[in-house]
Amino acid sequence: MCGIIGFTGGRNAAGVLLDGLAELEYRGYDSAGISCFTRENGIDTVKTVGKVANLRACLPPGLTSSCGIGHTRWATHGGVSQTNAHPHTCGRVTLIHNGIIENYLALREELAQTGRTPVSQTDSEIAAMLIDSLYDGDARAAIRAAAARLEGAYAFCILFADQPGTIWCIRRGSPLVACHCEAGSIIASDMVALLRYSKDYFVLEENQIARLTPDGISLTGPDGMPAFPDYQTVTWDVSSAQKNGFKHYMEKEIHEQPEALSRTITPRILKYQENGSVFTLPDFSADCIPDSVFRDLTRIVITACGTAMHAGMMGKILFERLLRIPVTVDIASEFRYQDPILDKNTLVITVSQSGETADTLAALRLARSAGGRTLSIVNVKGSSIARESEHVFYTHAGPEIAVASTKAYTAQLAAFYLIAFRAAFACGRLSAAECSARAEGLLSMIPSIHRILEMKEITEKISRHLTRASDLFFIGRGMDYALSCEGSIKLKEISYIHSEAYAAGELKHGTLSLITADVPVIALATQHDVLSKMVSNIKEVRARGAFVILVTAADAVIEESQYDYRIDLPSMDDWFAPFAAAVILQLIAYHTSYLRGLDVDQPRNLAKSVTVE
Ligand code: M6R
């Protein structure tokens with residue numbers, strides 16, 4: 001949550017910061033601000049409520065500076081106001097912060113004794129006060145001493161009024177990436193803000209202190225010794241993080257799914273010859289994930305948040321079917337405060353697009369400390385979860401900017417399918433021929449997504465109907481129930497229509513009382529093994545007057561009187577139907593939000609990357 005950026009170098013800092021904040025806006029967008037060193041005033045700060053576009057409009061036209069910091073906020077402590085917007089200044093210290101300072105109340109009381117009174121309600125201003133109280137001209141020492149007092153998570157970019165042209169940074173638990181390039185030195189919460197200047201970047205390590213000047217970036221480790229950046233190169237270019245002619249990032253990202261799936265799946269399915277037969281098997285040698293990770297397992301625990309957790313629900317079904325061992329799926333914010341019983345025969349799989357979700361990261365740390373094996377499915381390279389996990393399976397979905405996760409979700413599904421197939425093969429649960437057939441099925445699912453993407457007319461028509469609803473239900477069984485959960489979160493987060501996902505057979509145990517003619521039901525019936533049961537459940541809601549939107553297999557025989565709209569999936573093995581059905585639900589959510597005139601990419605109250613508890 002919150003996007004932060006710092007720049008010092010040979011360009012106009014205000015421009016670099018505003019462009020960077022626009023790229024980082026998906027991380028938070030309730031207020032924004034920048035502080036820049038100027039020749040006239042020392043440090044000039046401009047901040048405003050609302051989006052980065054508002055900030056751009058407020059900047060004095062003549063603001064020239066070669067060094068500054070910028071912030072786009074997702075409020076945690078203190079409401080949305082100009083005073084609570086960052087940067088915050090106390091004495092000689094001006095800072096921006098991403099994270100949460102948990103002991104800020106105690107520190108505030110303590111700092112009051114030194115005559116320092118905050119003007120905002122934020123925890124971040126207290127951090128500025130603390131650093132100022134410890135500063136005697138040695139910035140590194142003040143930051144180190146403050147870090148020792150701060151509890152919680154943070155990434156800070158700090159200007160000291162008596163050090164023009166220099167930015168100081170430290171992080172613990174919140175991300176920061178940086179680069180020195182021809183334009184100067186830049187640091188930000190996410191690589192997307194650096195991309196127009198450099199494809200090479202490094203991740204600031206936890207507790208390292210970075211000092212940025214126009215000439216370079218120097219690092220010191222927690223022991224005070226010099227440290228050296230480990231530069232990496234991004235494989236995608238700046239256009240991947242732009243809209244490329246689509247109205248919204250979400251629409252673009254929905255359409256990118258065939259490529260995202262192909263990048264995630266294809267390189268991991270290799271030809272393999274045995275006794276004159278050729279098999280196509282999932283192979284994770286390039287990921288450095290050995291088969292031993294999957295052998296002798298007695299249990300799998302999947303933990304994640306939101307959409308990533310819904311992908312985990314599909315993973316559970318796949319693992320249980322193929323490996324025949326118990327699998328649990330836990331919401332990471334719950335898992336982290338349980339006292340889980342884990343051992344070396346338990347595989348804990350954490351799933352995260354951003355790789356920075358605070359609860360998922362904490363769940364991973366807990367899993368490691370409790371003795372489980374850990375494997376993470378992550379999209380962002382070099383993110384905290386990727387770096388702290390024993391094994392990483394990268395989804396190659398490319399940058400996902402819209403708050404509503406789409407291509408990252410289907411890429412996570414693909415990861416689970418590949419892992420389940422390989423694990424079953426490694427444990428002797430699938431023969432090479434059986435595993436090969438599954439892998440080929442997965443590959444052949446990808447082209448069908450193109451056909452779904454052509455269903456604009458029908459999905460838009462359905463959405464037009466949904467715009468009038470104030471409540472709706474998604475129902476399904478098995479894989480379709482896992483998918484209902486995802487369809488429901490997608491719709492509600494961007495359309496603001498209340499929706500619930502229900503296991504179709506469970507409705508009659510209470511919730512059926514909510515079904516009326518005004519409550520549309522999206523019924524997923526893509527699985528032939530439970531089709532007749534689903535048909536009965538659809539009849540139950542139909543009998544209560546529900547408006548039914550049916551997503552099903554082309555050959556499913558269901559009386560026309562039982563639905564108002566029917567979408568048939570392209571013919572495919574039921575195992576892979578969730579990919580196609582997921583894209584239909586994404587399109588419905590997208591059109592509904594757009595037709596309601598809402599901010600599709602940046603829905604109210606949310607942010608893309610949830611780096612606070
Ligand atoms: O970055 P992560 O995958 O860890 O994020 C987890 C959730 O915050 C995320 O999936 C969220 O639920 C999405 N906005 C849903 O579209």
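Guide: Start with the largest cavity, which has 14 lining residues; Cys2, Thr76, His86, Gly99 and Ser124 lie nearest its centre. Keep in mind that this is a predicted model.

Visitor: How much space is in that largest cavity?

Guide: About 80 Å³. The count is 1 cavity of 30 Å³ or more.

Visitor: Which elements supply at least two residues of its lining?

Guide: Strand E6 (93–101) and helix H4 (123–134) each do. E6 gives the most, with 3 residues.

Visitor: And the lining by class?

Guide: The lining of the largest cavity has 8 polar, 4 nonpolar and 2 charged residues.

Visitor: Back to His86. Is its peptide bond to Pro87 cis or trans?

Guide: The bond from His86 to Pro87 is cis, with omega near -5°. Pro87 sits in the loop between strand E4 (67–73) and strand E5 (88–90).

Visitor: Where does the ligand go, then?

Guide: The space taken by the ligand is the second largest pocket. About 670 Å³ of space lies in that pocket.

Visitor: What lines the second largest pocket?

Guide: 34 residues line it, with Cys305, Gly306, Thr307, Lys608 and Val610 nearest its centre. The elements giving two or more residues are H8, strand E20 (346–352), helix H10 (358–369) and H15. H8 has the largest share, 5 residues.

Visitor: Zoom in on the ligand. Which residues come nearest?

Guide: Ser352, Gln353, Ser354, Thr357 and Glu493, out of 14 residues around the ligand. Helix H8 (306–323) and helix H15 (479–495) each supply at least two residues of that shell. By class, the shell has 7 polar, 5 nonpolar and 2 charged residues.

Visitor: What about polar pairs? Which side-chain atoms pair with ligand oxygens?

Guide: Two to look at. An N or O atom in the side chain of Ser352 is 2.6 Å from an oxygen atom of the ligand. For Lys490, a polar side-chain atom lies 2.8 Å from a ligand oxygen atom.

Visitor: And from the backbone?

Guide: Thr307 has a polar backbone atom 3.2 Å from an oxygen atom of the ligand.

Visitor: How much of the ligand does the protein bury?

Guide: 90% of the 410 Å² that the ligand exposes when taken alone.

Visitor: Last one. Why roll a probe over the atoms at all?

Guide: Because a probe the size of a water molecule, rolled over the atoms, shows where empty space is left.

Technical notes. Residues numbered from 1 in each chain as written. Predicted model: local features only at pLDDT ≥ 70, side-chain atom pairs only at ≥ 80, totals over all residues. Heavy atoms only, no water. Near = heavy atom within 4 Å. Polar contact = N/O pair within 3.5 Å; in protein donor to acceptor, adjacent residues only side chain to side chain. Areas by Shrake-Rupley, 256 points an atom, 1.4 Å probe, with all protein chains shown as cover. 1 Å grid on protein atoms, 1.4 Å probe; cavity = no way out; pocket = protein on both sides within 12 Å on 5 of 7 lines; lining within 4 Å. Sits in = over half its atoms within 2 Å of the grid points. Helix = DSSP H or I, 4+ residues; strand = E, 2+ residues; numbered from the N terminus. Nonpolar A, V, L, I, M, F, W, Y, C, P; charged D, E, K, R; others polar. Points joined across faces, edges and corners; volume = space filled by probe spheres on them.
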